[in-house]
Each structure stands twice: as structure tokens, then as C-alpha cells.
Amino acid sequence: MNFNKKSPWILHYDGSSCNGCDIGVLACLTPLYDVERFGVINTGNPRHADILLLTGSLNAQNIPVVQQIYDQMPEPKVVAAIGICATSGGIFAECYNVVGGVDKVLPVDVYVPGCAARPQAIIDGVVKALSILDEKQNALKGR
Amino acid sequence: MLLAIKVILIIILTPLAGGLLAGFDRIISARLQGRKGPPLLQPFYDVLKLLQKETIEVNASHRFYVYVSLLFIVFTAIVMLLGGDILLTIFVLTLGSIFFVFGGYASQSPYSVIGAERELLQMMAYEPMVFMTAAGLYYVTNTFFIKDIISRDIPAIVYLPAIFLGFVYILTFKLRKSPFDLSVGHHAHQELVQGISTEYSGRALAAIEVTHWYESIIAMAFVYIFFAANSVISHVVALIVCLVVYLFEIIVDNSTVRVKWQMALTSAWVVSGVLGILNLAVLFFFEF
Ligand code: SF4
């Protein structure tokens, strides 16, 4: 039996977001949505995290940072792109410094659209991410 | 044979109790913050998940220290719950903490090194009171053996109320609760990330969690010793007091902010010095 569904620990990284999606992510932890009901913890530490939530688009400055955070996470891990910026660059796509969505650098497993992504949608995305995490766990076992 | 069974039971049941206590802690904390909180068994889910995850090796030795630390803490729990020598308990407990600090230094991350340094300062802060507790218990009972201390007619708390208060003060360090959660944090800490446990993942992190469960029970056992005597009712009272003290610690945890290490160190020493020495002096002058 896999337990990652019961205890998903999250790492949240803000790329070049306008802060709207970040507020959405943090709203999930407030008493109204209280995702700790499902065992979700915002760890702030890649070594402890299972799910990487990325908000905002990638730019030349933060690509190595995102890459390093991802590499520091232990397997199995999933990446969720939160908001339309993280999905495709969104409203900032045309900016001179913006490279595009997160999938330019990392293998994104879940895309959560919206500008800003609503807390409900983020929770839904995390739940989707969990089933992918489960599959990855099983694949690891099979190895 | 009987001893072996007892030892095995202690090794299994202590972390179960500690994990339940941690789950209870998280629910109460969530309620204090107006949230529903995770299920009671959440700490067990967390550890079971960590056991299944990849354990990243930062260097060859850093995981070794946390396992050794766990070993010493388990040994402490065994000695303590079998009613052994309280001095031995304290020394082995300290040894376990020291290895945990080594674990912090070993991984070279600035966060865990800061955590390790703060953990050393915390140990400096709380150790005097722990020794004073042992000294006080010896002074009133003339024995260092826990099973003799808790089988007297009058519980130790009657003679040592001030030492007990001082002990509750430093319990906050041992349980890693705010305002004295300087070195490792369950809650997000900005400047420290997760302190000593920053670089640990997978099974090593699970070992750290389980160590903490043992430590909570050991800390509660110290509280128990103060209240237990040779009547059944006193043991019930002791259990209730343990729960009340833990509840108090949760409330303190949720209503205070972390202090600087200077404050932690001086306040712990002032409290230990005043309460501990006062109590011992009163006992000495009135020759109880
Ligand atoms: S998707 Fe919208 S709200 Fe979210 S970071 Fe981009 S611009 Fe801001």
C-alpha cells in the first residue's frame, strides 16, 4: 500500500508570478480550505517535498533555481504548474525576459489553468497530482 | 524472558503512544487556529510515506548519526520505563541529542549547521534544570532508581513543586515547541528552513520523526515521576497531569512566537536557577 496519497508534502516556488496564484496557493492552507485535513503540509524544503507547485512563468534568472529545486527532491515526485503563467507564460509570454511555461524546463504532470487559479482548482490539481504520484511510486517499486 | 518481553513491548508501544500524542497535538493545534486539522493517525501516515520514499545520501556519514541517535533514545526509553536509574536515563538521552547535533553538522548545509548550533545552545539551556530535577528527586527519595522513586507514600511533587514548574519550563525545549523551537521546526521557518532535518529525506527523516515520538514519551515520563506514588490513584493522577501538561505546551506553542537564542538561554537559566535552587534550599533548611 502506498501512503503518499495520505501525506502529500508540498513545496511552493514562485517563478515570476504576479503573486495572484501564490495567494491562491496559500489560501488553500487557511481555515476556509484547510488542506491539512488531507495531510498536506507546506514544507518549504525540497528534500521533504513530494509535490512541487510552481506559479508564474520561467525567466532566464530562475531556470537554474527551478532545476536545482527539482533535482533536490527525492523520488517519487510530481510537478504541478499553477496558473496560466506557469502553464504557458500567460499574459507575460511576450515579455523579453520570459522563456515560457514551466514545461520548458521540468516535466510537468498537472496543469492548473486560471488567472488567478482558484483554491478549489489548485486542490483539484493536487488531487490529480496524487494519483500520478501513486503511479510513479508503483513504477519505482517495479524497478 | 519476562524482561525481554517487557523490552520488546516498550520498543513497540512507546512510538505508538508518541505518534498518537503527535496526532492529538496536530488536531488540537488546528482547532486552536480555527481549522479542522488532519486525522489522528496522520503522523503514522507521514512516517509510512517517508519509508517508501527515496533516501538521498548527502554524504557517506550523515544518515549514520540519526540512526545512532534513535538507538540511544530507544535505550533511554527502555531504561526509563523499566524503572531504571534516572541518571543513566539523563546521560543517554543527552548522548542521543548530541548525535542528532552531529547529524546536523554532518550534512554541511548552512541551514542544518545553524540548526545544530542552536540545538547545542538549547541543550546548554535545559540541561541544568534536568540535573536539578534528578538532584531534587534524590534529595527527597534517597534513590536514583525510578521504580523506587515512584513507589513511596508521598509523591515527589509535594516536596518539589518549584522544581516541577522549572521542569515544565524546559519541557518546551525538549518537545521542540514554540517559543523554544529554535533548531528544528515542524512548522515552516523562514531563516532556518527545517533546521537540523533540512537535508534528511526518506527513511532518515522517518527515523528523526520516530526519535521525536520516543522523546515526547520520555519527556512525559519525567512529568509522571513527579506525581506517581504507591497508590493506584496517584498513577491515574500522574497520567492526567501528563495530558494536562502536554495540552498546556500545545497552547503555549500556538500562542507564542519564537525567541532569540539569547533569550532562550538566559530565561531558562534564570528560571532553573531561581526555582531549582529555591526549592532545594527550602528542602535543606526545613530538613524534609
Ligand atoms: S496566472 Fe494570472 S494570477 Fe497567476 S501569476 Fe499569472 S498573471 Fe498572476
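Here are my notes on this predicted model, point by point.

1. Confidence. The predictor's own scores for the complex are an ipTM of 0.88 and a pTM of 0.91. For chain B the mean pLDDT comes out at 88, with 97% of its residues at 70 or more.

2. The A–B interface, by area. Putting chain A and chain B together buries about 2300 Å², and carbon and sulfur atoms give 51% of that. On the chain A side, the residues that lose the most area to chain B are A:F3, A:E36 and A:R47, together 27% of what that side buries. By contact, 30 residues come from chain A and 28 residues from chain B.

3. The rule finds six salt bridges across the interface of chain A and chain B. The side of chain A that touches chain B splits into eleven nonpolar, twelve polar and seven charged residues. For the whole structure, a search over all chains finds 15 salt bridges.

4. Two salt bridges to look at. Start with A:R47, whose side chain meets that of B:E199 at 2.8 Å, N to O. A:R47 is also one of the residues on its side that lose the most area to chain B. Then look at A:E36, another residue of that group. Its side chain pairs with B:R26 in a salt bridge of 2.9 Å, N to O. That pair runs from helix α1 (residues 2-32) of chain B, where B:R26 sits, to the loop between α1 and β2 (41-42) of chain A, which holds A:E36.

5. The ligand shell. Which residues are around the ligand? They are A:S17, A:C18, A:G20, A:C21, A:I84, A:C85, A:F92, A:G114, A:C115 and A:A116. Two elements of chain A, α1 (20-27) and α3 (83-88), each give two or more residues to this shell. By class, the shell has seven nonpolar residues, three polar and no charged.

6. As background, most peptide bonds are trans, and most residues other than glycine have a negative phi. Against that, the bond from A:E75 to A:P76 is cis, with omega near -10°. A:P76 lies in the loop between α2 (63-72) and β5 (78-82). A:A116 is in the loop between β7 (110-112) and α4 (119-142). Finally, A:D34 has a positive phi, near 35°; A:D34 is in the loop between α1 and β2 of chain A, the loop that also holds A:E36.

7. A spot in chain B. B:Y224 belongs to helix α8 (residues 202-227). Leaving out residues up to four places away in sequence, B:Y224 touches B:H235, B:A238, B:L239 and B:C242. How far apart are the C-alpha atoms of B:Y224 and B:Y65? They are separated by 30 Å, for two residues that lie 159 residues apart along the chain.

Notes
Residues are numbered from 1 along each chain as its sequence is written. Chains are lettered from A and ligands numbered from 1 in the order in which they are written. This is a predicted model: local features need pLDDT of at least 70, side-chain atom pairs count only at pLDDT 80 or more; totals for chains, interfaces and linings use all residues. Side-chain values use heavy atoms; hydrogens and water are left out. Contact means heavy atoms within 4.5 Å. Buried area is the accessible area (1.4 Å probe) that two parts lose on being put together, summed over both. A salt bridge is a side-chain nitrogen of Lys or Arg within 4 Å of a carboxyl oxygen of Asp or Glu. Ala, Val, Leu, Ile, Met, Phe, Trp, Tyr, Cys and Pro count as nonpolar, Asp, Glu, Lys and Arg as charged, and the others, Gly among them, as polar. A residue is near a molecule or strand if one of its heavy atoms lies within 4 Å of it. Helices (H or I, at least four residues) and strands (E, at least two) are DSSP runs, numbered from the N terminus. pLDDT is the predictor's confidence in each residue, from 0 to 100.
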